[in-house]
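This report goes through a few features of one protein model. Please keep the sequence and the structure in view while reading.

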Amino acid sequence: MPTVRFADGSVRDYPAATRLAEVVATAPAPQPAPRKQSRPIAALLDGRAVGLDMPLPAADTVTVEPLFAGDVRALPVMRHSAAHIMARAVMRLFAGVELAFGPTTGDGFYYDMRATRPITDDDLPAIEEEMRRIIAADEAFERVEVPRAQAVEIVRGLNQPLKAEHIETGLAAHSTLSFYRQGEFVDLCRGPHVASPGCIGAFKLTNIAGAYWKGDANNAQLQRLYGTAWFTQEELDAHLAALEEARRRDHRVLGKQLDLFTTSPLVGSGLVLWMPKGAILRGTLESFVREELITPTASSSRSP
Amino acid sequence: MSDDEQYLLKPMNCPHHTMIYKARPHSYKDLPLRLAEFGTVYRYEQSGELGGMTRVRGFTQDDAHIFCTPEQVEQEVEGCIDFTLKVLSSLAFDDFRVRLGFRDPTSDKYVGPPERWAEAEAAIERVARRMNLPGCEPEPGEAAFYGPKIDFVIHDSLGREWQLGTVQLDYNLPSAERFDCEYIGADNAKHRPVMIHRAPLGSLERFVGVLIEHFAGAFPLWLAPEQVRVIPVSEKSEAYAKQVQGRLAAAGLRTGIDLAAEKLGAKIRTAQLELIPMMVVCGPRDEAAGTVSLRDRVDGDLGAMSLEAAVERLRDENARRAVRHKPKPLAVATAPAAAGDDY
């Protein structure tokens with residue numbers, strides 16, 4: 001009988017393979033209380049974030065801590081669910097969508113994919129609108145585990161050749177694989193996902209970039225749809241403001257605006273041409289290093 | 001090339017400095033021997049990854065190589081770190097951390113005697129803690145095969161981390177198998193020096209790129225290409241304004257002057273938009289009294305004062321490399337990314 005230790009030190013035994021949803025339902029009330037009175041959306045199992053649909057592992061003792069909306073430790077899980085929802089929305093709106101990988105990032109998520117026609121920035125609002133509908137419907141993510149051979153059949157049945165290739169190569173060591181289903185959307189996925197997608201408070205699809213399948217320039221070209229997701233609108237707004245400020249400070253923009261440097265394809269990529277004001281800036285830095293630091297302590301040399 | 005010699009663009013300066021070291025025999029009394037130069041190097045990066053000033057194919061390093069005895073390693077590392085901290089603080093880079101790249105004790109891929117590594121790593125950690133450097137937890141396995149190191153890492157405006165300065169020990173290049181560097185010890189026997197690579201800024205291109213974002217283009221007085229702009233209130237004060245400019249230039253300041261047929265307010269706005277740190281405004285009464293008005297880009301009107309006082313104040317601020325307006329750090333929040341999963 002696995003024993004669960006909670007954050008307050010109390011312990012309790014559970015029948016083998018009890019779902020974490022039930023464990024957290026009977027856990028002691030968290031201290032301090034979560035920001036909004038709400039149900040847990042995920043849990044930490046021995047410090048690792050897992051979904052509430054996971055069963056207790058066959059170990060003697062484990063620690064479990066429920067995660068609520070607003071907990072920064074639940075952000076990666078929430079963002080991964082947002083990535084799925086984005087893929088689901090894209091598949092509703094576009095034909096022939098083939099999915100690749102959809103991981104979380106430091107401030108959100110992305111999903112690599114390709115469709116019959118390229119997705120553009122103008123499509124993002126429609127995708128966001130579809131995502132909002134999906135989130136409002138608040139359908140649970142259902143986990144399904146199947147043996148490898150069946151997993152391959154499933155992804156081929158879903159017309160997902162990239163996923164099929166990954167199962168046969170990168171995932172060759174797995175004898176069983178998991179999928180997550182939400183409504184009509186089924187995706188090969190290790191998880192975890194949040195118990196209730198309604199907890200995705202605020203998100204935005206930020207941009208589309210190019211990517212290669214498995215990062216190899218010889219492979220298929222895909223589109224990488226980036227998004228950022230937060231538990232509250234305030235956090236999203238603050239993040240977007242910071243991104244805007246960062247864009248404003250981009251040295252390539254400022255360098256051009258302030259006549260500091262330029263580049264020229266004729267001279268060559270990756271070679272900086274310092275303009276007079278930039279050269280003064282650089283020269284001042286060099287003089288500082290030379291006068292204050294090098295000359296008192298070192299000897300100079302020049303080499304070709 | 002026509003004869004059988006091959007030429008290549010250097011990707012680093014170390015071999016050159018090593019050959020300079022080897023040009024003459026050395027005794028322990030010559031050590032530590034420090035060779036410094038702004039060396040331009042070329043490295044072929046993938047085209048997809050190039051960008052601005054931070055990912056380039058040609059760049060200039062504020063490079064130095066120190067040849068020293070093993071006993072001198074600790075003091076040299078401290079000197080290099082001190083150097084780097086001076087640069088960072090004079091540019092108001094408060095938000096940085098260090099990375100101590102140490103060996104993986106279970107691996108045997110490293111060059112040089114393990115006892116030397118242990119001594120050097122202990123010395124690096126001692127110095128880092130003594131100087132209270134943020135982030136000085138050793139990272140085993142992060143060292144290159146040729147020596148432990150300490151990197152200085154800062155965030156750019158997008159929250160990306162860039163390694164700027166570095167202090168890198170090297171047991172490989174001086175070795176018999178590579179460049180076979182020696183010195184004669186006090187015991188009259190041949191010894192092998194330790195080599196330390198140090199570059200406080202790293203790459204001038206990358207450093208300036210990061211600097212531009214750090215200050216959002218609004219550089220402190222000492223760095224700004226145009227430090228002071230003289231603004232006559234009207235045509236009548238042009239001649240006086242030129243005199244004022246001459247005095248400032250003689251005091252070593254980089255000056256500009258706005259003689260456009262515009263109103264004072266418009267000229268002030270222009271100077272602010274161009275991020276000129278300081279303005280010197282002068283009108284007819286100033287000419288009569290030998291005064292000017294100073295106007296800071298951020299703080300606004302600093303009041304009228306004698307021309308002497310204004311020149312001295314600016315000359316001093318320039319000489320001290322003062323950073324009077326610390327840039328606002330960008331709060332680009334990042335939550336920990338999920339642990340790498342394979343599907």
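Which domains does the domain assignment of chain B give? There are two entries for chain B, namely domain 1 (14-215) and domain 2 (228-319), with bounds that come from an automatic or database domain assignment.

## Basis of the report

This is a predicted model, in which local features need pLDDT of at least 70, side-chain atom pairs count only at pLDDT 80 or more, and totals for chains, interfaces and linings use all residues. Residues are numbered from 1 along each chain as its sequence is written, chains are lettered from A and ligands numbered from 1 in the order in which they are written, and side-chain values use heavy atoms, with hydrogens and water left out.

## Domains of chain B

The C-alpha centres of domain 1 of chain B and domain 2 of chain B are 44 Å apart.

## The second largest pocket

A pocket is found on a 1 Å grid over the protein atoms alone, as an open set of points where a 1.4 Å probe fits, with protein on both sides within 12 Å along at least five of seven lines. The second largest pocket has a volume of about 850 Å³; a volume is the space filled by probe spheres set on the points, which are joined across faces, edges and corners.

Its lining consists of 34 residues, where a lining residue has an atom within 4 Å of a point. Nearest the centre of the pocket lie B:Arg43, B:Phe59, B:Gln61, B:Gln163 and B:Thr166. Elements giving two or more residues to this lining include helix 1 (14-22), strand 2 (58-68) and strand 6 (161-170) of chain B. Strand 6 of chain B gives the most, with five residues. Helices (H or I, at least four residues) and strands (E, at least two) are DSSP runs, numbered from the N terminus.

The lining divides into 12 nonpolar, 11 polar and 11 charged residues. Here Ala, Val, Leu, Ile, Met, Phe, Trp, Tyr, Cys and Pro count as nonpolar, Asp, Glu, Lys and Arg as charged, and the others, Gly among them, as polar.

## Salt bridges

A salt bridge is a side-chain nitrogen of Lys or Arg within 4 Å of a carboxyl oxygen of Asp or Glu. Over all chains the count is 46 salt bridges. In one of them, A:Asp112 pairs with A:Arg224, with the closest N and O atoms 2.7 Å apart. This pair links distant parts of the chain, since A:Asp112 is in strand 7 (residues 108-114) of chain A and A:Arg224 is in strand 12 (residues 221-230) of chain A, 112 residues apart. Both A:Asp112 and A:Arg224 are buried (buried is under 20% relative accessible area, exposed over 50%, partly exposed in between, with a 1.4 Å probe and protein chains only).

A:Glu292 and B:Arg321 form a salt bridge at 3.6 Å, N to O. Why does this pair join two chains? Because A:Glu292 lies in helix 8 (residues 276-297) of chain A, and B:Arg321 in the segment after helix 8 (307-319) of chain B. A:Glu292 is partly exposed, with a relative accessible area of 38%, while B:Arg321 counts as buried at 18% relative accessibility.

## Strand pairing in chain B

Two strands pair if DSSP finds at least two bridges between them. Strand 12 (residues 278-282) of chain B runs antiparallel to strand 13 (residues 291-296) of chain B, and four bridges join them. Across this pairing, B:Met278 stands opposite B:Asp296.

Strand 13 of chain B also pairs with strand 14 (residues 300-306) of chain B, antiparallel and over six bridges. B:Ser293 stands opposite B:Ala304 in strand 14 of chain B. Strands 13 and 14 of chain B form a hairpin, with three residues between them.
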